[in-house]
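Morning, everyone. I have one structure to walk through today. Please have a look at it first.

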Amino acid sequence: QVHLVESGGGLAQAGGSLRLSCAASGNIHSIPNMSWSRQAPGKERELVAGITDGGLRNYADAVKGRFTISRDNAKNTVYLEMNSLKVEDTAVYYCKVDVLWRESRVGYRGQGIQVTVSS
């Protein structure tokens with residue numbers, strides 16, 4: 001079992017910044033991949049950013065240059081630094097981790113955290 005705790009969401013003004021965190025705990029040997037996705041009202045969930053345990057990053061075109069994903073392997077925590085926020089960034093943000101434990105690889109997703117950007 002793995003437990004995810006997301007934090008850092010809330011309300012920001014356009015042009016402002018927020019930092020999301022997601023800490024994983026439980027039966028974890030390693031976490032090869034960590035990512036953030038988001039789902040806006042009436043829209044499908046989309047991948048925002050991902051990072052491997054080696055530090056390779058990928059971003060959705062909509063957030064390139066504005067968002068930065070990072071991780072602390074010692075803390076099993078992934079972060080999403082969001083700058084120059086836009087109204088269209090408003091969504092529920094979810095972290096996802098792919099956990100290796102013994103001979104299993106299982107994906108876990110957080111409950112989601114609301115980010116609202118006002119104009």
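This is a predicted model: local features need pLDDT of at least 70, side-chain atom pairs count only at pLDDT 80 or more; totals for chains, interfaces and linings use all residues.

Start with Ser37. Where does Ser37 sit? In strand 4, which covers residues 30-39. Is Ser37 buried or exposed? Buried, with a relative accessible area of 10%. Now its surroundings, leaving out neighbours within four places in sequence. Ser37 touches a run of residues from Arg45 through Glu46 and Leu47 to Val48. Ser37 also touches Val92, Tyr93 and Tyr94.

Next, Arg38. Arg38 is in strand 4 as well. Its relative accessibility is 6%, under the 20% cut-off, so Arg38 counts as buried.

Which side chains make polar contacts with Arg38? Glu46 is one, at 2.7 Å. Asp89 is another, at 2.9 Å.

That takes us to charge pairs. Side chains of opposite charge can pair when their charged atoms come close. How many salt bridges does a search of the whole structure find? Seven. I'll pick out a few.

The Arg38 and Glu46 side chains form one, at 2.7 Å from N to O. Arg38 is buried at 6%, whereas Glu46 is partly exposed at 35% relative accessibility.

Now Asp89 and Arg66. Their salt bridge has its closest N and O atoms 2.7 Å apart. What does this pair tie together? Asp89 lies in the loop between strand 8 (77-82) and strand 9 (91-101). Arg66 lies in the loop between strand 6 (57-59) and strand 7 (67-72). So the pair links parts that are 23 residues apart in sequence. Both partners are buried: Asp89 has a relative accessible area of 1%, and Arg66 has 10%.

These bridges do not stand alone. Through shared partners, salt bridges join Arg38, Glu46, Arg66 and Asp89 into one network.

One more bridge before I stop. Arg105 and Asp98 meet through their side chains, with an N to O distance of 4.0 Å. Asp98 is buried, at 16% relative accessible area.

To recap: Ser37 and Arg38 are both buried, and Arg38 belongs to a salt-bridge network with Glu46, Arg66 and Asp89. Thanks. Over to you.

Methods. Residues are numbered from 1 along each chain as its sequence is written. Side-chain values use heavy atoms; hydrogens and water are left out. Helices (H or I, at least four residues) and strands (E, at least two) are DSSP runs, numbered from the N terminus. Buried means under 20% relative accessible area, exposed over 50%, partly exposed in between (1.4 Å probe, protein chains only). Contact means heavy atoms within 4.5 Å. A polar contact is a pair of N or O atoms within 3.5 Å; within protein, one must be able to donate a hydrogen and the other to accept it, and residues adjacent in sequence count only if both atoms are side-chain atoms.
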